Amino acid sequence: MQGLKDREIIKFIGMNYEGAEKFVTELLEQKLSKNLLYHNLAHTLDVLECVQRLGASEKINDHEMLLLKTAALFHDTGFIERYQDNEPLACKLASETLPGFGYTEKDIEIVNRIILSTALSATVNNLLHEIIRDADLDYLGRDDFARISNNYRKELHLHGTSYTDKEWYQQEIRFLEHHSWFTLSAKADRDRGKQKNLEVVKKIFRLGQY
């Protein structure tokens, strides 16, 4: 039993997360379209920071944290190739790349499932999925909501989806009203801010007399 435990520790230590992080950040910096005003490197780094904060709050173990951070790094890499349905492409890149950084087949399978859970229509099956979903939309409850939301609107316009002001604010109100945090940590940290942002959007909508 002790020998098995030692081999598992060696396998865990063999994961070169730092190498994977360097690879992905350089790839995103070089290859992502400049038209991605929201789904850019800054967003990936933001999600990476958020999963670490929420993961620590939710008391996940060190191995889970590494897999979660890896999924956060890769989750938007599919945007390099296409705008819609890009999560499977991110999984493909992770599957091709991560063995070279010491990740096992089982590790990569978990990473890919976390990546796929970031699609808004995806089913959330476990705590790691819940954490990354909350991290991906962390800005909803922050003071930089208006700036990030505006960048997202501009990005959608550049990729063929445009809204009038009335349509945009109506959509934002619906989304904020129906959105729920998955983790207790995100709810505690961001729900008050999200409600504040919702009231601001509603006020803008009323003042616009749409």
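Modeller: Let's begin with a definition: helices (H or I, at least four residues) and strands (E, at least two) are DSSP runs, numbered from the N terminus. Val47 has its place in one of them, helix α3 (residues 41-57). This is a predicted model, in which local features need pLDDT of at least 70, side-chain atom pairs count only at pLDDT 80 or more, and totals for chains, interfaces and linings use all residues. Residues are numbered from 1 along each chain as its sequence is written, and side-chain values use heavy atoms, with hydrogens and water left out.

Biologist: Thanks! Why is Val47 called buried?

Modeller: Buried means under 20% relative accessible area, exposed means over 50%, and partly exposed is in between (1.4 Å probe, protein chains only). Val47 has 0% relative accessibility, so Val47 counts as buried.

Biologist: And what makes Ile132 a neighbour that Val47 touches?

Modeller: Contact means heavy atoms within 4.5 Å. Leaving out residues up to four places away in sequence, Val47 touches Ala72, His75, Ile132, Ala135 and Asp136. Counted in that way, Ile132 has contacts that include Val47, Val51, Leu68 and Ala71.

Biologist: What makes a group of residues a nonpolar core?

Modeller: A nonpolar core is a set of buried Ala, Val, Leu, Ile, Met, Phe, Trp, Tyr and Cys residues joined through side-chain atoms within 4.5 Å. The largest one here has 56 residues, and Ile132 is among those that touch the most other members, as are Val51 and Leu68. Helix α4 gives the most to this core, with eight residues.

Biologist: Why is the pair of Phe23 and Phe101 called tilted?

Modeller: Rings of Phe, Tyr and Trp (its six-membered ring) pair if their centres lie within 6.5 Å; planes under 30 degrees apart count as stacked, over 60 as edge-to-face and the rest as tilted. The centres of Phe23 and Phe101 are 6.2 Å apart and their planes make 45 degrees, so they pair and the pair is tilted. Phe23 lies in helix α2 (residues 17-31) and Phe101 in the loop between α5 (87-97) and α6 (105-116), so the pair ties together parts that are 78 residues apart in sequence.

Biologist: How do you know whether Phe23 and Phe101 are buried or partly exposed?

Modeller: Set each value against the cut-offs for accessible area. Phe23, at 31%, is partly exposed, whereas Phe101, at 17%, is buried.

Biologist: What puts Lys69 over the face of Tyr17?

Modeller: A charge sits over a ring if NZ of Lys or CZ of Arg is within 6 Å of the ring centre and within 35 degrees of the ring normal. Lys69 lies over the face of Tyr17, at 4.3 Å from the ring centre.
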